[in-house]
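Student: Can you walk me through this model? I'd like to start with strand pairing and then move to the packing.

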Amino acid sequence: MAETTEFRVYNTMSQQKEIFKPVVDGKVGMYVCGVTSYDLSHLGHARAAVSFDVLYRYLLHMGYEVTYVRNFTDVDDKIIRRANELGENPLTLSSRFCQEYLDDMMDLHCLLPTHQPRVSDHMDQIKDMITQIISHDCAYTIDGDVYFAVDKSPNYGRLSGRKLEDNRAGERVAVDSRKRNPFDFALWKAAKPGEPSWDSPWGPGRPGWHIECSAMSAHYLTFKFDIHGGGIDLIFPHHENEIAQSCAACQESNVSYWMHNGHVTNNNEKMSKSLGNFFTIRQITDMYHPLALRYFLLGTHYRSPVNYSIAQLDIASEAVFYVYQTLQDCEDALSPFQEVNGPKVSFTKAGQDCIKKLQTDFQTKMSDDLSTPYILNASLQEALRFINSSLNMLKKKQQKQQKLSAVLSLTELEKEVKEVLSVLGLLSPLTYSEVLQQLKGKALKRAELIEDDILHRIEERALARKNKDFSRGDQIRADLSLKGIALMDVGKETIWRPCVPVPVEQEPQAVTVEQEPPAVPVSVEQEQQAPTSLVT
C-alpha cells in the first residue's frame with residue numbers, strides 16, 4: 001500500500017478533528033466500552049464493535065503496536081434481574097452471554113482485542129481506585145455505600161458540554177436522599193440479599209457502573225493513554241463520570257482522544273429495547289451474510305446515525321456479492337498464467353493509474369477520520385469496474401506483451417483490493433467461491449426457495465422461450481427478481497445470482513455478468529453537537 005498520510009480523528013472533547021499523535025511513539029493504547037452481558041447482542045453493539053474494529057485494523061495497518069482493551073460488564077443490575085428471572089447464577093449467566101457476544105464478533109470479522117477484562121476479575125483494582133478517590137476527599141461513605149461527590153470535580157461536564165444541573169438523576173443510578181448532592185453517583189453499592197457481593201473496606205457489596213472502566217483502563221493502559229471509545233450515548237453520564245473519577249484518583253489522568261460512534265435508528269426512529277424495535281445480530285445474520293451486515297454498517301460514517309432497513313441490507317448484500325464475484329472472475333482469468341514478472345513486462349498505463357488512485361484514495365480517506373463510505377462507494381467500485389473491463393479485454397486477441405502487461409496489472413490490482421478489504425474487515429479467510437456460495441445460500445433462505453426450485457424455473461423458462469412464449473419466460477424471470485433472485489443469460493447458459501428484490505411495479509432490467517450493484521448510500525458526515533441515545 002501507499003505511504004500513510006497524517007491521521008486525523010474527531011475528538012469529542014474538542015469537538016473537532018485533530019492530528020493523531022500517540023503518547024508513546026509507535027504505540028497506541030485504546031480502551032473501548034464493551035457490553036453488559038445479560039442478553040444476545042443487538043445491532044447497536046455491532047455498530048460499536050465494527051466501528052472500533054476498523055480503527056484498530058487501520059492503526060495496525062499504519063504500523064502501530066496497539067494495545068486494545070474492550071471490557072465486559074458482568075456485574076450489573078440488569079444481569080442480576082435477568083438471572084433472578086431465569087433462576088440462574090448472575091455470573092454464570094453473564095459468562096454465557098460474554099461467549100455469545102464473542103461468537104457474534106467472530107461472525108462479523110472483528111479482531112480479538114488485546115485484553116477483554118471482566119468486572120468480576122478486577123475487584124482489587126476497583127477497590128484500590130475507590131480508596132484513592134476517598135483519600136483525595138472526592139467520595140464519601142453512607143451505610144456501606146460509597147458515592148462520588150460531583151461538587152469536587154470542577155471540570156465536570158467538559159466532555160459532554162452539559163452543566164451539572166442537566167445531569168439525569170436516576171439514569172442507571174438510583175435516586176437516594178442520603179446523598180449530599182442528588183447527582184452524586186455510586187462507586188460502591190452495599191450488598192443486598194440475593195445479589196453477588198465482594199468484601200471491601202466499606203463492607204460487602206459490588207461496584208457502581210462507572211468505576212469499572214476507570215479502574216480497568218488504568219490497570220491495562222495506565223492513567224494516560226491515547227483513545228477511549230464507545231457509543232455516543234455513553235458520553236453522558238458514563239464517560240463524563242469516568243473522567244471525574246479518574247482525575248480524582250490521579251491528577252495526571254488524561255485520555256488524548258475521545259471517539260464515539262453514532263446511534264442506530266429503525267425507520268428513522270431510535271432503536272431501543274424499550275421501544276421493541278431492535279434486532280439482535282443473529283436475527284440479521286440468520287438471513288444475511290455477516291459480511292453484508294458489516295458492509296452495511298461501514299456504508300455510513302461511524303459518527304453519523306445509521307438507519308436500519310431491509311432495503312439497505314439487500315443493497316449491501318448485493319454489493320458484497322459483486323466484490324467477491326469480481327475477485328473470483330479475476331482469479332479464474334489469471335490462473336492459466338504463471339508468475340508474470342521480468343524486465344520486459346510492465347504495468348499498463350491504465351492499470352498503474354488505477355492502482356495508484358486506489359492507494360491514494362484509501363490512505364487519504366481513511367486518514368481523514370476513517371471515511372469508509374467513500375472507500376466502499378467510490379474508490380473500491382472504480383477498482384472493481386476496472387478489473388471487469390480488463391477481464392473483458394483479456395478475452396480479446398492481443399499481442400503477447402500486451403496480454404502479459406494486463407495480467408501483471410490485474411494481479412497487482414487484485415492484491416491492492418484485497419488489502420483494502422482486509423483493513424475494512426471485509427476479506428474472508430474462505431475462498432471467493434465459498435463466500436459466494438454462502439451469499440447464495442442466504443438469498444435462497446430469504447426467497448424461501450432451494451436451488452432445485454430455481455433450476456426448475458430456469459428449465460421452465462428455457463422451454464417457454466423455445467416455444468416462443470416470451471411473456472411466460474419474462475414472467476418467470478420477474479417472479480424470481482421479486483424474490484431477490486436474478487437470472488442471467490451467459491451465452492447459451494442461464495445462471496442465477498442474488499440481487500436486490502425488484503418491486504412488482506418495476507420492470508426488471510436485463511442483467512449482465514458485469515452488472516454493478518447499487519452502492520450503499522453515503523451518509524453525510526455529521527458533526528455531533530450534542531449526545532443522543534444509542535441502543536441500550
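Tutor: Two strands pair if DSSP finds at least two bridges between them. Strands (E, at least two residues) and helices (H or I, at least four) are DSSP runs, numbered from the N terminus. This is a predicted model: local features need pLDDT of at least 70, side-chain atom pairs count only at pLDDT 80 or more, and totals for chains, interfaces and linings use all residues. Residues are numbered from 1 along each chain as its sequence is written, and side-chain values use heavy atoms, with hydrogens and water left out.

Student: OK, what stands opposite threonine 265?

Tutor: Asparagine 307 in E13 does. Strand E11 (residues 264–266) pairs with E13 in the parallel sense, over 3 bridges.

Student: What's the strand order in that open sheet?

Tutor: E12-E11-E13, 3 strands with mixed pairing. E12 (269–270) and E13 (306–308) are the edge strands, each pairing on one side only.

Student: Switching to H2: which residues are buried there?

Tutor: In H2 (residues 77–86), Ile79, Ile80 and Ala83 are buried, meaning under 20% relative accessible area with a 1.4 Å probe, protein chains only. Seen down the H2 axis, the buried residues fall within an arc of 100 degrees (taken from the directions from the axis to the C-beta atoms), so they line one face of the helix.

Student: And what do they pack against?

Tutor: Helix H3 (90–107) and strand E8 (205–207), with contact meaning heavy atoms within 4.5 Å.

Student: What follows H2?

Tutor: Glycine 87, with a positive phi near 65 degrees.

Methods: Buried means under 20% relative accessible area, exposed over 50%, partly exposed in between (1.4 Å probe, protein chains only).
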